[in-house]
Each structure stands twice: as structure tokens, then as C-alpha cells.
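Visitor: I would like to learn how to read a protein model. Please start with its surface.

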Amino acid sequence: MGCLVGAPAIRIRVVPEVAPLFRRRIFRSFRVSASSSSPAESIRVRFAPSPTGNLHVGGARTALFNYLFARSKGGKFVLRIEDTDLERSTKESEDALLRDLSWLGLDWDEGPGVGGNYGPYRQSERNALYKQHADKLLQTSHVYRCFCSNEELEKMKEIAKLNQLPPVYTGKWASATETEVQEELAKGTPYTYRFRVPKAGSLKIDDLIRGEVTWNLDTLGDFVIMRSNGQPVYNFCVTVDDATMAISHVISWTLYFRAEEHLPNTLRQALIYKALEFPMPKFAHVSLILAPDRSKLSKRHGATSVGQFKEMGLLPQGMVNYLALLGWGDGTENEFFTLDQLVDKFTIERVNKSGAIFDSTKLRWMNGQHLRSLPSEKLTELIGERWKSTGMVAESNGSFVEEAVQLLKDGIDLITDADNALSSLLSYPLYSTLSSPEGKSVLEDKLSEVAASLLSAYDSGEFTNALEEGSSGWQKWVKNFGKALKRKGKSLFMPLRVLLTGKLHGPDMGAGLLLVYKAGICGEVAPASHSGFVTLDERFNILRQVDWDSLNKNDDDNPANVKPATAHVC
């Protein structure tokens with residue numbers, strides 16, 4: 001048996017279930033099981049995406065599991081581009097795949113842009129290798145030329161369907177004579193290469209995740225490995241590539257099929273491995289990622305690609321952490337992991353064979369945990385750059401940005417959440433709040449009297465002077481204001497929050513007001529047309545024009561209650 005340099009040692013056991021029939025050394029009935037014992041230094045895994053679209057979260061998880069397995073074992077993580085689908089493969093998709101993997105932090109040891117001793121790493125550049133091994137199989141009669149037309153193949157499927165049989169190839173050209181083959185070649189009839197599948201027996205694979213999986217070979221039928229246009233078929237390419245790249249473990253998942261349905265691909269690959277006398281790798285089939293309704297995760301459920309989640313404001317740390325937990329856990333209740341911690345904890349034995357539910361709410365929560373765990377300087381840099389890019393602040397740094405980030409970070413799970421958080425702080429939707437059902441109880445608690453006292457404090461300069469003194473000045477002023485009105489607790493702070501912020505809820509009121517005051521004098525915030533900023537002076541002008549009598553009569557539709565130009569600034 002041939003052996004590849006650096007490939008794991010494989011023990012193949014062939015047990016005939018009936019007397020084997022030979023045709024040029026072909027087993028027509030057999031059972032095969034493979035096992036391997038791979039030293040750490042020979043562990044090689046691969047991620048082999050097709051550049052026909054965006055990197056799906058399922059593919060990203062497969063890449064992550066391969067990466068974690070390789071790094072945890074001191075092995076190699078190989079990236080191979082499966083671009084034999086010439087009509088759908090594009091350079092743009094390949095570039096996007098590489099960017100997304102790099103963004104996730106999954107650096108590869110061999111592959112595009114890196115090189116290596118087992119290249120080339122694009123299938124489109126390996127056609128001569130596929131042809132070489134296909135010809136070898138033809139010479140040993142493991143494959144044969146099939147001249148069936150598309151019409152004949154469709155007829156076979158129809159007959160099988162009528163007889164309630166699986167749509168397998170009937171083997172019309174499997175027993176053709178050399179004369180019959182030469183006649184078709186002379187006529188220039190197009191042909192494919194079909195692999196001879198034993199007509200009886202079984203094949204067993206010890207899957208590292210799913211356990212022992214056995215197939216009866218009579219359900220498969222002879223399958224195509226080379227199309228009539230000379231292009232190799234997926235199962236043939238991947239087998240030749242994995243073998244000649246000395247891949248020791250195949251950890252795979254597919255977007256288009258459930259893992260259970262994808263396993264027959266492994267059957268075909270195992271047969272090709274044996275026919276070419278290649279050592280067989282260990283297989284581990286990761287199950288499908290499911291939507292909340294337990295259907296296959298698709299675009300109708302929202303974002304499904306890494307690029308989309310990146311645009312939504314996720315951090316790579318949060319994405320990686322969440323993907324790792326889709327089918328894996330370390331056996332504890334801990335759910336927060338950095339990439340280095342995942343490498344340290346990951347074992348293939350703890351990967352669950354059941355489908356994992358994709359929960360976008362939990363993904364958002366987990367991203368927030370990673371966001372808030374960043375050093376304050378890094379967090380401020382990320383959010384500051386976001387605010388500047390959206391035109392909300394003039395500069396991405398400065399005291400206002402630093403203090404705003406610290407105040408608002410607990411309400412930010414995605415980087416993009418920062419826009420609404422700052423917009424809410426700067427806005428003053430007083431009228432919509434007062435006319436809302438929730439604002440009614442505050443309005444009825446003599447809010448107009450509190451507003452009159454507040455305007456008096458502002459006009460006298462008392463309120464502004466308190467803000468000039470910072471947090472201590474604010475706290476002292478609130479205490480004295482409450483005593484003067486004989487209010488405290490909720491009966492004091494809720495009216496003040498509504499009158500000063502225009503909202504019923506929000507971050508710490510004192511810290512928020514100090515920021516609003518600072519924004520009005522420092523010039524760091526963009527104009528209202530970009531940021532929705534309503535200064536303190538503008539807020540008090542709005543307060544002066546509120547028609548409290550009309551509000552108290554529930555005249556919600558009266559536009560005279562508030563100045564039209566600033567009735568709902570947000």
C-alpha cells in the first residue's frame with residue numbers, strides 16, 4: 001500500500017462477506033474499517049471553502065473547529081480553495097473569504113498567500129494531478145468510461161422511481177467490451193469516468209463525532225468522478241487533495257446538506273482512498289446549524305454570513321466565541337472564551353453530534369460581553385471612530401467621547417448600537433414622552449410646578465453654576481432642589497429626568513446632563529442635523545413653550561403645546 005510522507009499510519013482490514021469476485025483485482029464484496037493513530041507532529045487539517053459566495057456561519061464554524069483542533073494538537077491548519085465550479089467561482093468571493101477568515105483571527109499555516117510544500121492550494125491549479133489519478137484508476141479498472149447520454153440517465157431515474165428504487169446507475173457500461181468502448185471513442189462520443197462500486201458488502205467508518213457509521217454498498221451505485229468536459233467531481237477532487245496534502249483529520253460540515261445526508265460523500269471518498277491505496281484520514285462530521293424553528297439556517301432567518309455580522313457591528317472575538325459554543329462546550333457552565341482559551345480547552349470529543357440552534361439574541365449578548373471587556377482605550381477608539389464615521393462627532397477622541405463611551409457602554413452590545421445610544425443621549429423628545437401613556441402618571445404628579453421651579457433655577461444661573469462644578473455641584477443642587485419642593489426619591493428624580501432629558505429612562509441622569517452641557521460648549525458634537533443634538537439652552541426654551549393646561553386636558557394632538565421646530569428632535 002502506498003504511503004504519503006507525513007501522513008498518519010493507517011491499518012486497513014478487508015473482510016470478505018462472501019467469496020470475493022475479482023475483476024482485475026477488484027473486490028466486488030467487502031467490508032472495510034479504518035483506524036489510525038496519529039502523532040501530534042503529523043496532524044494536518046484543512047478548511048476547503050468554495051469561492052461561490054459569502055462565508056456562511058456554518059463554514060466559519062467548520063474553519064474554527066479545524067483551527068482549534070490543529071492548534072490544540074500542535075498540528076497544521078491548511079486552507080484550500082475548491083474553485084472547480086468555474087461558472088460560480090469568483091475572485092471577489094475568494095478575496096472575501098480570505099478577509100473574513102483573517103478578521104476572525106483564523107490564520108492558516110499553508111494556503112493562498114502563504115504557500116507551503118503541498119501546493120498549489122487552489123483546485124483549479126491541480127487538474128493535471130486529478131487526471132493522473134483518474135487515469136491510474138482507469139488502468140486498474142476501478143473506473144470505466146461511461147458513454148450514456150443525459151437522456152439515457154434520466155430514463156434510468158424514471159424507471160427506478162416507478163419501481164420505488166433508489167436512483168442508482170444501472171451499470172450499462174460497467175461490463176462493456178474493449179471493442180464496444182473503442183467504437184464509441186472512434187465516434188467521438190462524450191464520456192464520463194465512473195467508479196466501480198462493489199455490488200455487496202458494507203463499509204464502516206469510525207466517525208470521531210458520530211461514532212460508528214456503516215453503509216451497505218448496494219445502495220450507492222457506480223458514481224462519476226470525471227465529467228465529460230474533463231472536470232473532476234467534488235468527491236474525487238477532495239480525496240486526491242486530502243491524500244496528497246497528507247491531511248490526517250477531516251472535520252467537515254456542509255451548508256447545503258444535513259451532516260447525515262452528507263455522510264454518503266464520505267463513503268464515496270473512502271472507496272476512492274482504498275482504490276488509490278491512499279492512507280485514510282480520521283473523519284469527524286459536524287452537524288448542521290439550525291434556525292430557532294429547527295429548520296436549516298438560511299437567509300430568510302436574517303444574517304447568515306460572517307461579512308453581514310461584521311457590518312452589523314460584531315467583534316471577531318464575540319463571533320468566534322459564539323461559533324465555538326454551537327455544538328461544543330468545555331464541560332463547565334463557562335461560556336466566555338478568548339481564542340487562546342478555546343485553543344487550550346478544545347477537544348473533538350466534546351463536539352456534540354446534535355444540531356445547534358443559532359440564537360441571534362445570545363450572539364448579541366455575548367458580543368456585548370467581549371465589547372465591554374476590552375481595555376477602555378480600545379473601546380473608546382472603536383466607538384469614537386464609529387461616531388466620527390457616521391458624522392455624530394467632529395473628532396473620534398477627546399474628553400467628551402471618552403466620557404460618553406464610559407457612560408453608555410452598558411447599553412452597547414454591537415458597535416453599531418453606539419449610534420442610537422449617543423443619539424438618545426443628545427435628543428430631547430419631550431412632547432412625545434409627555435403624550436405617551438407611560439408619561440401620563442408623571443404629568444399628573446404636578447409636573448408643571450416642577451417645570452416652573454426648574455426654569456427659575458436656570459434663569460437665575462443656579463442650575464448652570466451647579467453643572468460648572470461637575471458631579472459634586474450637580475448632586476448638591478439636586479438635594480437642595482428636592483428640599484425646596486419637598487420631594488425626594490422617585491417623586492423628585494422622575495420629573496427631573498423627563499424635564500431635563502425628555503425621556504423616562506436612560507443612563508445616569510447627572511452624568512448624562514453633564515455630558516450634554518459639555519457638548520454644548522466644547523464643540524465636539526456634530527450639528528443637530530447630523531447628531532440630533534438639542535442643547536440645554538434649547539431644552540429650556542422648549543420647556544417655556546409647553547402648554548401645561550392643554551396637556552393636562554389630554555389634548556395630545558394640539559401642535560401648539562410645543563414649538564413645532566423642536567417638538568420631537570431625535
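Guide: Accessible areas come from the Shrake-Rupley method with a 1.4 Å probe; for residues, only the protein chains shown count as cover. Here the chain exposes about 26800 Å², and carbon and sulfur atoms supply 50% of it. This is a predicted model: local features need pLDDT of at least 70, side-chain atom pairs count only at pLDDT 80 or more, and totals for chains, interfaces and linings use all residues. Residues are numbered from 1 along each chain as its sequence is written, and side-chain values use heavy atoms, leaving out hydrogens and water.

Visitor: What percentage of the 570 residues in the chain do buried residues make up?

Guide: Buried means under 20% relative accessible area, exposed over 50%, and partly exposed in between (1.4 Å probe, protein chains only). Buried residues make up 51% of the 570.

Visitor: How many residues of H1 are buried?

Guide: Helices (H or I, at least four residues) are DSSP runs, numbered from the N terminus. In H1, 14 of the 17 residues are buried. Just after H1, Gly 74 has a positive phi of about 70°.

Visitor: Which side chain of opposite charge is nearest to Lys 503?

Guide: Lys and Arg count as positive and Asp and Glu as negative; His and the chain ends are not counted. A salt bridge puts a side-chain nitrogen of Lys or Arg within 4 Å of a carboxyl oxygen of Asp or Glu. For Lys 503 the nearest such side chain is Glu 538, 12 Å away, and buried Lys 503 has no salt bridge. Lys 503 lies in the loop between helix H20 (490-501) and helix H21 (509-522).

Definitions and conventions: Helices (H or I, at least four residues) and strands (E, at least two) are DSSP runs, numbered from the N terminus.
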